[in-house]
Amino acid sequence: MAASHPRSAVTGRASARPAAGGQTAVSGDRALEGAGSAKSAGDDGRARQVPRVRRASGSGGGRAFWTVRRRDNLVGYLLITPQLLGSVLFVLLPLGLVLWYSLHEWNVLAGTFEFVGGENYDRLLADTNLREVLAGTALFSVGLVVLNLGLALVLAILLNQRLRGTTFFRTVFFSPVVVSLVAWTIVWQFLLQDDGGLNGLLAAAGADGPNWLRGEGTAMLSVVVVQVLKNVGLNMVLFLAALQGVPAQLYEAAELDGAGAWTRFVRITVPLISPTILLTSIITVVGSLQVFAQIAVLTQGGPGMSTTVLVYYLYQQAFQFHHFGYGATLSVLLFAIVALLTIVQWRMRRRWVFNET
C-alpha cells in the first residue's frame, strides 16, 4: 500500500524529501524558513516569489535615534534658547505682571495689595486729565514723525550726491545718535532757557526770543525739535543705504524719456525705498510714544499739562502719587495703542510698499 504524503502548506501539493532511515520528511513551514524565499501559488496555479521579511534585532537592527535631522533641530533649539528665555523673562513675564497689577490697588507706603477688579479701568474711563494727555501725546507723535522722516529723507538725498565733504556732514548729522540722551537733553535745557544760548544768539541779531520751555505755544515745539535733532541721523543713514541700492540705470532711462527730477523721485525713488520708509515709520512712531527723558528733563510735563505725554503721566501716577495699580492700567493702555498702530502700519504696507503682496 502506497504511503500517504502530506500536502505542502505552500503549494497545496504533496511534497516529500528523502531523509535518513528511508523516512520521508515533509514540511512546508520548514521549507519557508530555510530558503531565502518561497513560492506561493496564485489563482492561476503558478508559483510566485514571496520575499523573506527581515526582522530587526533588539541589539542594533532598529533605526538610530540621533538622526541628522534631530541633531540639527537640537542645535537650533539650543541657539534660540537664550533669546527665548530673555523674551519670556523680560517681555512676557513683565507684561503678565502688569496685567495682574492693573487689577489691584497697590499702596507701597501702606504695604497693602488689594484686588479691585475693574475699578482701575473704570477710573481710566472717568479720568478727566486723560483726554488732554492723549491729545498731547498725539501732537508730539505726529510732529516728531513728520519732521523726523521728512528731514531724514531730505538729508539722505542731499548726502547721496557725489560731492566733496559729504562724509563729514554724514558724520555730523549722525553723531547725536551715539550721544547720551540725558546729556543731550541737559545741554539743550541750558540752550533753551530764557537767558540761554539760543536767545543770546537772537539778541545778538536784534531779536527778542521767548522763554522756549515755559511758553505753552513753544514748549511742545521745543521738545519735538530736540528729539528730532537727536535721532534724525539714524533714519538718515537708513534712507541713505536704501537710496544707494536704487539702480542708476532706472534714473538714466527715465531721464532719456524726458522725466524731470520730481517725476523721477515720485515714480522711481519713493517706490523702491518704500520698504525702508515703512521700517523707519514704525520705529519712529513706537519711539515717539515711549518718550520720557526729554519731558522729565526739559519741561516736567509743563507748563500746566501742555507737554504731559502718556508715558510721563504714567510715571507721575505710579512713582509720584504711588498709584501703582492705576499706573499699570495706563501701561496696558500704552501697550494697546502701540500694538494697534503697529498692526495698522503693517497691514497697510500692501497698499503702498513696493513689491508687497
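Modeller: What follows is a close look at one helix, then at other places along the chain.

The model is predicted, so local features need pLDDT of at least 70 and side-chain atom pairs count only at pLDDT 80 or more, while totals for chains, interfaces and linings use all residues. Residues are numbered from 1 along each chain as its sequence is written, and side-chain values use heavy atoms, with hydrogens and water left out.

The whole chain comes before the part. The protein chain has 14 helices and six strands. Helices (H or I, at least four residues) and strands (E, at least two) are DSSP runs, numbered from the N terminus. Of its 357 residues, 30% count as buried. Buried means under 20% relative accessible area, exposed means over 50%, and partly exposed lies in between (1.4 Å probe, protein chains only). Take the contacts in the chain with a separation of 6 or more: residues 24 or more positions apart account for 58% of them. A contact means heavy atoms within 4.5 Å.

Now for helix 14, the part to look at. How does its span compare with what its residues should give? Helix 14 covers residues 324-352, and at 1.5 Å a residue its 29 residues should span 42 Å. The expected span is 1.5 Å times one less than the number of residues. The end C-alpha atoms are 42 Å apart, which agrees.

Which residues of helix 14 are buried? They are Phe324, Gly325, Tyr326, Gly327, Ala328, Thr329, Leu330, Val332, Leu334, Val338, Gln345 and Arg349. What covers them includes helix 2, strand 5 (104-107), helix 3 (119-126), helix 4 (130-159), helix 11 (274-289) and helix 13 (310-320).

Zoom in on Tyr326, which lies in helix 14. Tyr326 counts as buried because its relative accessibility is 0%. Leaving out residues up to four places away in sequence, Tyr326 touches Asn120, Arg123, Leu124, Asp127, Tyr313 and Gln317. Glu105 is 221 residues away from Tyr326 along the chain, yet their C-alpha atoms are separated by 7.5 Å.

Leu330 is found in helix 14 too. Leu330 has a relative accessible area of 0%, so it is buried. Its touching residues, not counting those up to four places away in sequence, are Leu124, Leu130, Leu310, Tyr313, Leu314 and Gln317. Leu330 and Leu124 are 206 residues apart in sequence but 7.6 Å apart in space, C-alpha to C-alpha.

His322 has a relative accessible area of 27%, so it is partly exposed.

Another loop joins helix 12 (293-298) to helix 13, and Pro303 sits there. The peptide bond from Gly302 to Pro303 is cis, with omega near -5°. Gln300 is in the loop between helix 12 and helix 13 as well. Phi of Gln300 is near 50°, again positive in a residue other than glycine. At 38% relative accessibility, Gln300 is partly exposed.

Asn148 lies in helix 4. Its relative accessible area is 3%, so Asn148 is buried. Asn148 touches Val228, Asn231, Val232, Asn235 and Thr284, residues up to four places away in sequence not being counted. The side chains of Asn148 and Asn235 make a polar contact at 2.9 Å. A polar contact is a pair of N or O atoms within 3.5 Å; within protein, one must be able to donate a hydrogen and the other to accept it, and residues adjacent in sequence count only if both atoms are side-chain atoms.

Leu92 is in helix 2 (residues 68-101). Is Leu92 buried or exposed? Leu92 counts as exposed, because its relative accessibility is 53%.
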